Amino acid sequence: MKVHVDPARCQGHGRCYDLAPQFFASDDEGYGSERNGGVIPDGQEHEAQVAAMNCPEMAIDVEQ
Ligand code: SF4
């Protein structure tokens, strides 16, 4: 599974990196981005899905 933060939609609410800091990082202004090229290891998809579902801007694309 892969995730990608669309910078055009991200408004910097920070829920992604609060909920799943192992998969998402913030820049100096609080905008989110994916870590590790967005690759989610097998067995850890649930945490990444929760973060994506909690993004108020629906800015996190999930590729199965
Ligand atoms: S939760 Fe969504 S809007 Fe907030 S920083 Fe993450 S990607 Fe951006």
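These legends walk through several close-up views of a predicted model.

**View 1. The whole chain, from one end to the other.**
Welcome to the overview, where the chain is built from two helices and four strands. Reading from the N terminus, the elements come in the order β-α-β-β-α-β. The radius of gyration is 10 Å, close to the 11 Å that the globule rule gives for 64 residues, so the chain is as compact as a globular protein of that length. Taken along the principal axes, the C-alpha atoms fill a box of roughly 30 × 20 × 15 Å.

Of the 64 residues in the chain, 34% count as buried. The chain exposes about 4000 Å², and carbon and sulfur atoms supply 46% of that area.

Rolling a probe the size of a water molecule over the atoms shows where empty space is left. In this structure there is one cavity of 30 Å³ or more. About 90 Å³ of space lies in the largest cavity. How many residues line the largest cavity? The lining is made up of 14 residues, and C10, H13, G14, C16 and C55 are the ones that lie nearest the centre. Sorted by class, the lining has seven nonpolar, five polar and two charged residues.

**View 2. Q49 on helix α2.**
Now take a look at Q49, which has its place in helix α2. Is Q49 buried or partly exposed? Q49 counts as partly exposed, because its relative accessibility is 24%. Once neighbours within four places in sequence are left aside, Q49 is in contact with M1, V62 and Q64. From C-alpha to C-alpha, Q49 and C16 are 9.8 Å apart in space, while 33 residues apart in sequence. C16 is also one of the residues nearest the centre of the largest cavity.

With a relative accessibility of 42%, S26 counts as partly exposed. Which residues does S26 touch, not counting those up to four places away in sequence? They are Y17 and Y31. C16 returns in this view too: S26 and C16 are 10 residues apart in sequence, with a C-alpha to C-alpha distance of 9.0 Å.

**View 3. N36, a residue with a positive phi.**
N36 is not a glycine, and yet its phi is positive, at about 55°. You will find N36 in the loop between β3 (32-34) and α2 (45-53). Is N36 buried or exposed? N36 is exposed, because its relative accessible area is 59%.

**View 4. M58, another positive phi.**
Where does M58 lie? Look in the loop between α2 and β4, the strand of residues 60-63. M58 has a positive phi of about 50°, although M58 is not a glycine. The relative accessibility of M58 is 64%, so M58 counts as exposed.

Conventions
Residues numbered from 1 in each chain as written. Predicted model: local features only at pLDDT ≥ 70, side-chain atom pairs only at ≥ 80, totals over all residues. Heavy atoms only, no water. 1 Å grid on protein atoms, 1.4 Å probe; cavity = no way out; pocket = protein on both sides within 12 Å on 5 of 7 lines; lining within 4 Å. Points joined across faces, edges and corners; volume = space filled by probe spheres on them. Nonpolar A, V, L, I, M, F, W, Y, C, P; charged D, E, K, R; others polar. Rg over C-alpha atoms; globule rule 2.2 N^0.38 Å. Buried < 20%, exposed > 50% of the residue type's maximum accessible area, 1.4 Å probe, protein only. Areas by Shrake-Rupley, 256 points an atom, 1.4 Å probe, with all protein chains shown as cover. Contact = heavy atoms within 4.5 Å.
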